[in-house]
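Here's a quick briefing to read alongside the structure. Keep the sequence handy as you go through the points.

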Amino acid sequence: MSHIFITHGPRDVDALLTVHEVMRQASIQTWYAPPGSDGEADPAQINQAIDNAAGMVVLVSASSTRSNAVQAQLQRALDRGLTLFPIRVDNGRLSRFFKSALADKLTDAISDEGALERLATACRERYQRRCPVIAVMNLKGGIGKTTVSSQVFGAWQTSLGGRTLLIDLDPQYNLTQTFFDMDHADASAARDKSVISLFERSRLHAPEATSPADNWSNFSTEPFAPAPTETITHNLLTPDGPGGRLDLISGQFEISKYAFAPSPQTLALVGSNFRRMIDHYRSEYDLIIFDTNPNATFLTRCALEASDHVLAPMHADVYSLRGVRLLNQVIEEQVSADMRPALSVLFNAVGRSEQSNFEADARNGAFDEQAGFALSKALLSSALPKSGHLVVRSPEEGDAPWQQLVIHRGRGGGLKSIRQTLNTIALELKKLVEG
Ligand SMILES: Nc1ncnc2c1ncn2[C@@H]1O[C@H](COP(=O)(O)OP(=O)(O)OP(=O)(O)O)[C@@H](O)[C@H]1O
Ligand SMILES: [Mg+2]
């Protein structure tokens with residue numbers, strides 16, 4: 001569980017203690033720079049606490065509006081897309097910055113009747129929210145699932161803020177290799193700091209446990225609590241980089257072992273462990289993305305049952321069409337109604353010439369019958385073009401993981417337009433999943 005960050009001016013000690021107490025009674029964890037430490041608290045630690053927060057309470061006072069530290073914290077929260085909960089402490093004049101950042105949200109003063117209860121309720125709702133989970137999936141290989149998982153959702157995190165978790169559910173673990181070299185990925189898996197720890201009890205949960213990756217015929221039935229995010233995830237946005245939270249649970253080949261499980265009961269247990277873990281991490285992030293394998297396996301079922309949306313990238317060709325047809329069939333026939341995710345389709349790597357025909361026909365409903373569902377309605381109106389910038393390239397030694405993201409690449413021919421497209425797709429998706 002993360003926390004609610006409270007930003008306060010140096011003279012807001014009474015208000016800070018009042019709000020802290022209200023939050024404590026509502027069982028909401030809080031984080032704030034110790035009173036009196038304005039300007040002295042470690043900025044790196046403060047930034048980290050803001051990046052990890054579920055929201056920010058802003059104590060609005062004569063003291064806080066004049067504080068450079070509060071302004072910096074508020075700016076970081078705005079940049080990260082954090083939900084803000086401002087509350088007036090006194091009648092101090094708002095600075096221009098406070099006005100533009102908060103004016104429309106500033107409805108309550110701390111002394112108003114019921115104001116603190118309203119604040120606690122709003123924070124609790126935010127704090128307990130379960131974020132959207134999107135599985136990037138198509139039962140067809142090589143159509144851009146991994147590219148979309150990294151580039152579209154990397155752009156989402158950068159442009160729309162929030163804390164995003166990428167999970168590599170494909171035993172080929174290409175998403176992990178997008179950001180890290182093989183040795184790093186394998187060394188991490190060798191410590192169970194990897195996706196297998198979402199399915200079975202591992203050394204990440206108990207040092208004395210045996211690694212579930214070591215023995216393909218042994219399936220742990222021991223219960224386990226979710227590993228703290230800092231032990232299971234890799235931060236892709238390193239401190240020297242753009243800031244914010246984009247984390248990865250790295251993949252590994254050994255999750256293929258579930259194809260060889262001895263009994264349906266074992267798989268049911270492993271699957272329910274996975275859903276329980278995702279449920280837990282949903283309260284710690286604003287968005288969770290699964291990159292998935294191209295064939296229908298136990299892992300496909302896990303991804304479908306734990307997600308509320310499926311995004312299927314497709315090429316403008318009949319093979320991809322068949323892939324989404326099969327995918328829709330699997331969703332309709334194999335996933336029970338209470339767990340069934342909604343399906344959206346994104347055209348990927350469409351060149352100009354094909355675009356005119358296949359894509360236009362698909363949008364006009366010409367393939368709805370062949371797809372077995374209303375493909376024309378499931379299609380995102382934006383599409384990802386074929387672009388040299390999106391061709392996968394292995395990380396070079398010394399590269400930070402975030403440097404693999406097109407959204408953070410420097411200048412170059414066509415980069416501006418591809419970044420705009422990535423942002424447009426991210427925005428359309430956000431409206432879809434949050435609408
Ligand atoms: N829009 C694009 N423009 C140019 N190249 C692309 C684009 N999308 C994907 N590619 C390239 O196509 C290849 C396949 O893409 P990717 O690995 O994302 O597909 P996938 O569906 O994840 O494959 P798999 O089924 O093996 O997991 C990669 O080399 C990638 O760089
Ligand atoms: Mg892939």
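Which residue just after α7 takes a positive phi? It's G161, with a phi of about 80°.

Before going further, note that this is a predicted model, in which local features need pLDDT of at least 70, side-chain atom pairs count only at pLDDT 80 or more, and totals for chains, interfaces and linings use all residues. Residues are numbered from 1 along each chain as its sequence is written, while chains are lettered from A and ligands numbered from 1 in the order in which they are written.

**Helix α7**
- Helices (H or I, at least four residues) and strands (E, at least two) are DSSP runs, numbered from the N terminus.
- α7 has 16 residues and reaches 21 Å from its first C-alpha to its last, close to the 22 Å expected at 1.5 Å a residue. That expected span is 1.5 Å times one less than the number of residues.
- 14 of the 16 residues of α7 are buried, so the helix is mostly covered (buried means 20 or more other C-beta atoms within 10 Å of a residue's own, exposed means 12 or fewer, and partly exposed is in between, with C-beta atoms placed from the backbone).

**Around ligand 1**
- There are 19 residues around ligand 1, and G141, K145, T146, T147 and V392 come nearest. To be near, a residue needs its C-beta atom, placed from the backbone, within 6 Å of the molecule or strand.
- The elements giving two or more residues to this shell are α7 (145-160) and β11 (342-350). α7 gives the most, with three residues.
- By type, the shell splits into seven nonpolar, nine polar and three charged residues. Here Ala, Val, Leu, Ile, Met, Phe, Trp, Tyr, Cys and Pro count as nonpolar, Asp, Glu, Lys and Arg as charged, and the others, Gly among them, as polar.

**Helix α13**
- α13 (residues 318-334) is a helix of 17 residues, and from first C-alpha to last it reaches 24 Å, close to the 24 Å expected.
- Its buried residues are S320, L321, G323, V324, L327, N328 and I331. Seen down the axis of α13, they fall within an arc of 155°, so they line one face of the helix. The arc is that of the directions from the helix axis to the C-beta atoms.
- An α-helix has 3.6 residues a turn, so residues three or four places apart point the same way.
- V318, Y319 and E333 are exposed on the other side of α13.
- The cover over the buried residues of α13 includes α12 (298-306), β10 (309-314) and β11.

**Two domains**
- The domain assignment gives domain 1 (4-127) and domain 2 (133-434); such bounds come from an automatic or database assignment.
- The centres of the two domains, taken over C-alpha atoms, are 34 Å apart.
- Eight residues of domain 1 are in contact with seven residues of domain 2, where contact means C-beta atoms, placed from the backbone, within 7 Å.
- On the domain 1 side, α2 (43-51) and α4 (68-80) each supply at least two residues, and α2 gives the most, with three.

**Two loop residues**
- G414 sits in the loop between β12 (384-385) and α17 (415-434). It's exposed because 11 other C-beta atoms lie within 10 Å.
- S95 sits in the loop between β4 (84-88) and α5 (96-102). S95 is partly exposed, with 15 other C-beta atoms within 10 Å.
- S95 and T65 are 30 residues apart in sequence and 5.9 Å apart in space, C-alpha to C-alpha.

Definitions and conventions: Contact = placed C-beta atoms within 7 Å.
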